[in-house]
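Here is a short walk through one protein model.

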Amino acid sequence: MNTMNTMLPETGTVKAVRIHSFGGPEALCLEEVPLLKPGPDEVLVRVHAAGVNPSDWKVREGQFGPLPLPRTLGGDFSGVVVALGSGVTDFFVGQSVFGHSAYGGAFAELVAVPVSSVAPKAPSINDIEAAATPLCALTAWQALFEVADLQIGQKVLIHAAAGGVGLFAVQLALRYGAWVIATASSRNLPCLCRLGANQMIDHNATRFEDTVKSVDVVLDLVGGETQDRSWKVLKNGGRLVSTVSTPSPEKAMLCGVRASKMHTQMRADELTLMGDMIANGEIKVMVEKVLPLCRASEALELSRRGHVRGKIVLTIDHDTSHADCP
Ligand SMILES: NC(=O)c1ccc[n+]([C@@H]2O[C@H](COP(=O)([O-])OP(=O)(O)OC[C@H]3O[C@@H](n4cnc5c(N)ncnc54)[C@H](OP(=O)(O)O)[C@@H]3O)[C@@H](O)[C@H]2O)c1
């Protein structure tokens, strides 16, 4: 074990993708920011790859309210620990880790993160897979097993099954022995079929409520009209979990179901569990596009259009000209 608590110089700058005001793609800039130091319960991580989530462009647009600015975007990351906070004993400098920074900062060469949101990365998982995992895998896990309390043999309808959260949810539900109905557009149905989904619905061609009845759980990753049309497919006593919009308590009561919007919690033990499942080949990580950090703006726009299959991941090559584009 490396007993050093840092392998960084005292001063300097790193590249980071930041916003100084909320807005569209023009709000993003790649700039030099002062070197960070980890807080007492934090590790400082040299980021090798950063996963893109819809929350990143929602933060950029100011959808999460007036967060303090300037702000470095990005939550999910994979990399190597380069410095330890004074109270950190469970990690070592040089350790490969992955995790999620709830306060942003992952679209940068270095990110400081509380140890409660970091887990060791197995050598068999590459940085791109690890960076694609934290928020989506934990959202899928918590939605299915902690909020919806999905049981073996139950029927679950997963909307946006080919997205970042959806692909983890489909695999986790199937592994647990649930019957999985997945909605996606036609180009994504073969992928869901290969994963073993029991029923697939092209949401552009078929209204899901015309073919689906009596499901135990709806995992709503779309919201709006999709959520509204979901009430009638639930059986009495069923559960609707949305990651997007708060379901109406009145409609839930009328339909005799429990419904809630969830907020994913970062937990190191669950990150470790997801990492183990990936390392063991129990679940696969699907990444549609890999881009360098300097193309973060393009990555966020792709995500915002809402048709990514699996994940987009940004990479940072520390050996060449930092995060600069050629
Ligand atoms: N509350 C929380 O704590 C939390 C945590 C994580 C995520 N979220 C939110 O949950 C949502 C999903 O996240 P994500 O990362 O999975 O998003 P994502 O990866 O961007 O989802 C993209 C997928 O959505 C599918 N899609 C779009 N419209 C659809 C529709 N009407 N019916 C079925 N599929 C549709 C697309 O498939 P096609 O191209 O095939 O249509 C695409 O594959 C986002 O709004 C995100 O911000 C919230």
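Leaving aside its neighbours within four places in sequence, G23 is in contact (heavy atoms within 4.5 Å) with R60 and E61. G23 and R60 are 37 residues apart in sequence. In space, their C-alpha atoms are 6.0 Å apart. G23 sits in the loop between β1 (13–19) and β2 (28–34); helices (H or I, at least four residues) and strands (E, at least two) are DSSP runs, numbered from the N terminus. G23 counts as buried because its relative accessibility is 18%; buried means under 20% relative accessible area, exposed over 50%, partly exposed in between (1.4 Å probe, protein chains only).

This is a predicted model: local features need pLDDT of at least 70, side-chain atom pairs count only at pLDDT 80 or more, and totals for chains, interfaces and linings use all residues. Residues are numbered from 1 along each chain as its sequence is written, and side-chain values use heavy atoms, without hydrogens and water.

Now turn to the interior. A nonpolar core is a set of buried Ala, Val, Leu, Ile, Met, Phe, Trp, Tyr and Cys residues joined through side-chain atoms within 4.5 Å. The largest one has 50 residues. L144, V156, I158 and L192 have the most contacts inside it. Elements that each supply at least two of its residues include α3 (134–147), β9 (155–158) and α5 (189–195). α3 gives the most, with eight residues. Why does this core lie between domain 1 and domain 2? Both domain 1 (13–133 + 285–315) and domain 2 (136–261) give residues to this core, so it lies between them; the domain bounds come from an automatic or database domain assignment.

Apart from this core lies another, of 33 residues, among them L28, A296, A299 and L314.
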